Structures are given as structure tokens and as C-alpha cells.
Amino acid sequence: MPARAHSSHERNGPAWLALLVLIFLTLSQVSLGLKLDLDDPDSIKAAAGQAAYDMIKYYDGNQTGRIPGNLPDPYYWWECGAMFGSLLDYFYYTGDDQYNELVTEGLLFQVGPSNDYMTPNQTKTTGNDDQGFWGMAVMSAAEQKFPDPPANKPQWLALAQAVFNTQALRWDTQFCGGGLRWQVFTFNTGYDYKNTISNGVFFNLAARLAKYTGNQTYADWAEKAWDWTADVGLMSPEYHFFDGAHTTLNCNDTNRQQWTYNAGVYMLGAANMYNFTKGSDKWRSRLDNVFNATAMFYSPTAANVMVEVACEPYGTCNTDNFSFKAYLARWMAATTKMAPYTYELIMQKIRASAAAAALQCSGGASGTLCGIKWSDGAKYDGTTGVGQQMSALEIIQSLLVSRVSAPVTQDTGGTSKGDPSAGSGGTFDPTIPQDTIHQRDRVGAGLLTALVLVSGFGSAWWMIS
């Protein structure tokens with residue numbers, strides 16, 4: 001019996017199958033990464049929405065039996081406050097309120113018994129910088145007119161004032177001529193270290209409270225914090241910000257490692273002081289110099305694409321470090337509102353970095369999880385986490401900054417209620433003379449809880465001679 005003749009379709013089956021597989025793979029590659037049109041608000045909102053969705057999947061504080069305002073291991077408490085700051089920005093930029101209830105719940109659950117973010121269950125993992133990130137989050141809530149809490153709950157502005165007040169009481173003149181310690185309790189590693197981010201957060205918060213309330217004493221504290229940072233050598237004459245120094249050596253052993261968030265936190269503080277002083281030459285010069293010095297945080301091979309230079313090129317970034325670019329992006333965008341003349345220069349950086357970050361968000365089964373090496377473009381770096389998502393989210397949603405209103409103050413539509421003596425047992429008001437505050441510095445220091453030393457020093461060191 002002769003063999004049955006095959007049809008042409010049957011004869012070419014394997015070829016057709018190979019072609020279909022090739023087409024599928026090609027389409028799959030095209031779909032990887034966040035689709036982002038830098039000039040289309042809807043595209044930007046969609047990309048930010050995906051980054052936010054992939055970030056919030058790491059959060060379990062809204063699940064039964066879990067604690068609101070906490071991220072699971074390996075994340076420290078402070079990073080949840082920082083994440084809420086990104087979700088506040090997300091609502092501010094996009095108008096998407098799907099996370100608002102979650103954010104409000106977490107921000108209020110963690111206030112602690114004195115409504116100042118000194119939370120007893122975080123005693124071993126809370127430092128000035130950690131508390132300060134929660135303080136900056138609620139400051140943003142007040143500035144952005146995020147829905148106010150119920151009247152019987154602590155209010156956003158009062159919470160920010162409480163954080164400031166507790167930290168002003170901790171200003172330590174016994175060593176290094178002033179400044180805040182990183183840790184506070186003597187038994188915690190790092191008590192003898194005065195780090196730049198703790199003092200930068202204090203400066204940032206003081207400057208923003210000055211702008212929001214119009215109270216000159218907040219501005220005086222901002223000046224004091226800025227001057228101390230420069231005088232002690234944590235800020236160089238070229239406006240590079242170093243990591244910190246030890247009290248045991250009177251801060252003469254400066255750790256010259258540099259991180260994006262240190263530059264960013266001082267940038268936004270300087271921008272608020274520029275605005276508060278009605279465009280003074282002094283604060284404009286300081287702001288310009290801080291911005292210009294951030295040139296070191298951009299790739300030499302991918303123009304205007306942000307890089308965490310101390311660890312990213314070497315693959316040594318830790319869990320904390322992965323989030324740092326989020327804060328520089330956040331504070332650069334906010335700077336354009338306080339100092340509008342900076343908009344064009346800053347947006348050059350944001351646009352290039354956002355485009356690169358969207359390409360890098362090509363990991364996981366969804367093809368949308370974000371890595372941190374934006375300068376590698378679509379070559380996914382294989383890392384995932386809250387910090388990577390937050391960094392991508394902040395740089396992408398910052399593209400919308402020109403489309404939102406400027407932060408409010410108590411005189412321009414702000415609704416959040418304040419309390420000048422919040423967080424100090426009613427004993428401290430920032431309008432009293434600073435000399436009186438100084439006499440209570442050491443007493444205030446005993447009120448702190450502290451941060452367990454994390455692995456920041458295990459990363460590569462970026463040195464500026």
C-alpha cells in the first residue's frame with residue numbers, strides 16, 4: 001500500500017511551529033519593562049501604577065494578624081515610613097486613592113504612646129534618621145493636603161512637629177560642637193556616631209516646618225543644622241555630603257562614603273529655605289551648589305541616569321541602599337516647587353532616569369519587577385525588592401510634578417492642625433529662645449530609642465579626597 005501523501009501544511013509543520021515560537025518570544029521581549037511615554041500623563045500614571053502595585057505586594061501590614069506600618073524581614077521599620085512617603089506622592093501625582101486607607105492606617109498605628117513616632121515595639125531598631133523618615137512622611141501629608149485623620153486622632157502637622165521637637169531636645173553639644181547622634185541609648189552600637197542623614201532629616205524637617213508655619217525659629221534651627229554640618233566637615237566646601245563621624249574622636253574621623261539620599265535631603269531643605277527667605281542669594285547659592293555636586297550620582301555612560309555610586313557599580317548594595325535613589329528623586333522633584341528656576345535642569349535628570357528605570361523594570365514572571373541598575377537599560381539586573389520598586393516609582397511619578405499644585409502652607413490652604421508643643425510632654429515650644437533649649441539637651445537625649453547597626457558599612461566605599 002503506497003504511503004499517504006502529506007499536505008504542504010503537514011510537511012512544513014515544524015517550520016511553522018518554529019516561526020510561531022519566534023514570534024511569541026519576540027512579542028514577549030517587547031512586552032518586558034514598563035511602557036512609558038515621557039510626555040503622556042496617562043502613560044506615566046499607568047507606569048507609576050504598575051510600580052506601586054508591585055511595591056505594595058511586599059507589604060503585609062494590612063493582613064489579618066500582621067502589624068500595620070511594618071514591612072516583613074529583611075526590611076527595617078524606617079523603610080515602611082519611607083514607602084508610605086512614596087504612596088503619599090503617588091496620590092499627589094496621580095490622584096489614584098486606592099492606597100490611601102492603607103497609608104493612613106499605617107501612619108497612625110505607628111505613632112507611639114506620645115504621638116511622636118517613638119514606638120516602643122521598635123526600641124532596638126529606631127534612630128533619629130528612622131524616626132525622621134516617618135516625620136517627613138507626615139510633613140508631606142500636610143503639605144500635599146492628604147486627607148486629614150479623624151478629629152480624635154493625631155494630625156499630620158502635629159506629628160511632624162512632634163518629631164522635630166523630640167529631636168531638637170536631643171541636639172548634643174557635648175561632642176563635636178552639636179548635631180544629632182545616630183543612635184541614642186548608650187548600649188546600642190552607633191551611639192558614638194553622628195551621621196549626616198540624621199542631621200539632614202532634622203534640617204529638612206525644620207526648613208519645611210518654617211515654610212509651612214512661617215515660624216522663624218524653625219528656620220533658625222535649619223540654619224543651625226546646616227552650619228553644623230559644614231563646620232564639622234560632613235559637608236565639604238564642594239558640597240559633597242559624607243556619611244558621618246565618631247564622637248569618640250570629636251568627629252575628626254569623617255567617613256567619606258557618599259549616598260544619594262544625603263545630597264537629596266539637604267537639597268530640598270535648602271530649597272525650602274530659599275523659598276522661606278523669599279529667594280535670598282545665600283540660599284540660592286547653597287541650593288545651586290548642592291544640586292551641582294550631585295553630578296557624581298549619574299552614570300558616565302548613560303547621560304543623566306542616576307547611579308548609587310557607593311555600591312551599585314560593584315553589586316554591593318544592601319536592602320537599605322536599594323531605596324536611596326527614591327529619596328533623591330523625590331526631593332529633586334519637590335525642589336522644583338520650592339525653587340521653580342531649577343525645573344529645567346532637574347527635569348533633564350528625572351526624564352533620562354525615568355526612561356532608564358522603566359526599561360529596567362523587566363523582571364519576574366510579570367516582566368515588570370524593577371531592578372536598581374537603571375544605567376543598564378533593559379538588561380535586568382536580577383534584583384527585586386521594596387527599595388527597587390520605590391526608586392522606580394518615585395523617579396517615574398516625578399515626571400508629573402509640573403501638573404500638580406505647589407505644597408500648601410497654613411496660609412495657602414493647608415488644613416492639617418498643628419501643636420507646637422507636640423512630642424515634648426507639653427514642655428517645649430519652638431518659639432522659646434534656643435538657649436533655654438540647650439540647657440535641656442542632655443535630658444532630651446535620654447528619651448531616645450535607637451537603631452541597630454545595619455550593614456551599610458559592608459558596601460563599597462566611594463571616596464572623595
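Mentor: What follows concerns the nonpolar core and the aromatic rings of this predicted model.

Trainee: How many residues does the largest nonpolar core have?

Mentor: The largest nonpolar core has 133 residues. Those with the most contacts inside it are Met83, Phe84, Leu107, Phe133 and Tyr327.

Trainee: Which residues is Phe84 in contact with, leaving aside its neighbours within four places in sequence?

Mentor: With those neighbours left aside, Phe84 is in contact with Tyr59, Gly69, Leu102, Val103, Gly106, Leu107 and Trp134.

Trainee: Now the rings. How many aromatic pairs does the structure hold?

Mentor: There are 33 aromatic pairs. One of them joins Trp171 and Trp221 edge-to-face, at 5.8 Å centre to centre and 75 degrees between the planes.

Trainee: Why does that pair tie together parts that are 50 residues apart in sequence?

Mentor: Trp171 lies in the loop between α7 and β1 whereas Trp221 lies in helix α9, so the pair links parts 50 residues apart in sequence.

Trainee: Is Trp171 buried or exposed?

Mentor: Trp171 is buried, with a relative accessible area of 2%. Trp221 is buried as well, at 0%. Trp171 also forms an edge-to-face pair with Trp228, at 6.1 Å centre to centre and 75 degrees between the planes. Trp228 lies in helix α9, so this pair ties together parts 57 residues apart in sequence.

Trainee: Which residues form one aromatic cluster?

Mentor: Trp78, Phe133, Trp259, Tyr261, Phe324, Tyr327 and Trp331 form one.

Trainee: And charges: where does Lys325 lie?

Mentor: Lys325 lies over the face of Trp374, at 3.9 Å from the ring centre. Arg181 lies over the face of Tyr191, at 4.0 Å from the ring centre.

Conventions. Residues are numbered from 1 along each chain as its sequence is written. This is a predicted model: local features need pLDDT of at least 70, side-chain atom pairs count only at pLDDT 80 or more; totals for chains, interfaces and linings use all residues. Side-chain values use heavy atoms; hydrogens and water are left out. A nonpolar core is a set of buried Ala, Val, Leu, Ile, Met, Phe, Trp, Tyr and Cys residues joined through side-chain atoms within 4.5 Å. Buried means under 20% relative accessible area, exposed over 50%, partly exposed in between (1.4 Å probe, protein chains only). Contact means heavy atoms within 4.5 Å. Rings of Phe, Tyr and Trp (its six-membered ring) pair if their centres lie within 6.5 Å; planes under 30 degrees apart count as stacked, over 60 as edge-to-face and the rest as tilted. Helices (H or I, at least four residues) and strands (E, at least two) are DSSP runs, numbered from the N terminus. A charge sits over a ring if NZ of Lys or CZ of Arg is within 6 Å of the ring centre and within 35 degrees of the ring normal.
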